[in-house]
Amino acid sequence: MDHPVIGWEQETAVPDGYAFNDYLSARGGYLYYEELDLARLLMGQEPVQVGRPLASPLEVVYLPKIRQKIAQMRAVFAAVIDETGYPGAFHYAYASKANAAAEVVRTTLEVGAHYEMSSTVDVEIARRMIAAGHLRPDCMVICNGFKPPGIDYTRSLIRLKREHGLVIPVVEDVDELAPLIDSGLSFQVGLRQKSYGPHQDLGEMEAANSRFGMSVDDIHRAAEIIAAAPNLELKLYHAMVGSQILNERDFVAWLTPPIEIYAQLRQRHPGLSIFDFGGGVPVPMTLDFQFDYPAFVRRLLTTLQAACARHNVPAPDVLGEFGRYTTAEHGAHVFDVVAVKENASALPWYLINGSIMTSFPDTWALSEHFIVLPINHLDRPFRRVQLGGITCDSDDVYPPKPSSSPLYLPVESRGLYVGFFGIGAYQEMLGGVRGSKHCVLPEANELVIDRDSQGRYRFEIIPGQSSGDVLRNLGYCDVETKGQGDKETR
Ligand SMILES: Cc1ncc(COP(=O)(O)O)c(C=O)c1O
């Protein structure tokens, strides 16, 4: 396929029972997310209904998907470890920058994921999770991000260490060590290699144009400082090489120079026992996605094992910081098609009651593709269209401007709902939560869905913004909290 597949690509109706991927299927003209009929859920008709009709636009957050993704990745590692006899363990960490919503972080911690963070506010999130009993004493808190002496983040993670034993700062720069040494607290620490990008060898890795991590010389220098410090122990080596890396061969090839450095470092520093490959594990955001997870893990573990054998050191535990992989698929966003405009443009415009560019900033910033499907009318004929957001911005369109991916939606546009899928990672964090957005559109309501151990659904509605919320946020202080300006706009 020469383009990302973002939806149905034919003029004929979607056959009943057709599965678009492992969680979206067409049944009786409606789109199901696993067992949930999204349109009837929205209209308040689904047998497991929320209790009332829900207005669109609506963000849908499906927490069981997060547990499923974590379980699947653990199963892949367990199977490959079993098959290859790899002697180390696998640790799953959630990279919270992908989606820091309380229900998301809580869900990952409840199933025993470790917590990866990068800022002061993340520390506060961790403290709340500790207080609520979700972040347990055996959970590693991996502290990435810049932490030079004297900034809040550095101070707050040192404070966090007094409350939680397993706080592991990952040092980005030799200067970051001084505050840890001066704290007098016993820290296990990590060192981050400057390894970002498609490098094939050590020379290319060292020349990478990246502000993250340290050169090989600085890594060795930092390791010696740690060895000489009475309160520090080198525990982890971090080498992130990119994001959404779609080829398992490339992924491990880029990790190979850092793996060599790990093995050399381990010869001098016996406390070192975790190889952290960072993020980068891809997830299906379109329907043509192909990535062989077992092949990636097999290649990674055998490369690690071979390098460690050559350097005569034990193979390490392996840790991944999964951001996009954990959260992309648990999120969906549903809109109404409010108008169809045929004005001699190349394709008819289907206009939706929200903004594509503020809801999914990567569509216009990076020309990123996401899955777009109708929620109803799947049993009707389709036609090729383009989607427009309700703002007046010429970039508020989908597919992204340079894309050649066709988008087909039902010809019948009356009462049509359209869903964006695979949008649960980064989009909300980049677009911002609350605040005021482009063309002052209020934020959508959010429906958080979970299932208990008996499979019963639990729903929580997090109200979006009223126009009063947006006005007050912009300094229109005359708008009373529950006054005229608060009239719901959706
Ligand atoms: C240090 C670090 N770890 C993990 C991640 C998560 O990456 P991904 O979303 O590709 O899993 C990021 C993302 O930027 C990162 O900067």
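How many bridges join strand β7 to strand β8? Select residues 141-143 and residues 167-171: three bridges join these strands, which run parallel. Strands here are DSSP runs of E of at least two residues, helices are runs of H or I of at least four, and both are numbered from the N terminus. Strands pair if DSSP finds at least two bridges between them. Within this pair, I142 stands opposite I168 in β8.

A word on the model. It is predicted, so local features need pLDDT of at least 70, side-chain atom pairs count only at pLDDT 80 or more, and totals for chains, interfaces and linings use all residues. Residues are numbered from 1 along each chain as its sequence is written.

Now show the barrel. Eight strands close it in the order β5-β6-β7-β8-β9-β10-β11-β12, with parallel pairing. From one strand to the next, the twist averages 30°.

Next, select residues 63-84. This is helix α2, which packs on the sheet and touches β5 (90-95) and β12. Its direction makes about 155° with that of β5. Axes are lines fitted to C-alpha atoms, for helices over the stretch in contact; angles run from 0 to 180 degrees between N-to-C directions. Contact puts C-beta atoms, placed from the backbone, within 7 Å.

α2 and α3 pack at about 35°, with axes 10 Å apart. L63, I66, R67 and I70 in α2 meet E103, V104, T107 and T108 in α3.

Finish at the ligand. β12 (317-322) and α11 (324-327) each supply at least two residues of its shell.

Technical notes: Two residues are in contact if their C-beta atoms, placed from the backbone, lie within 7 Å.
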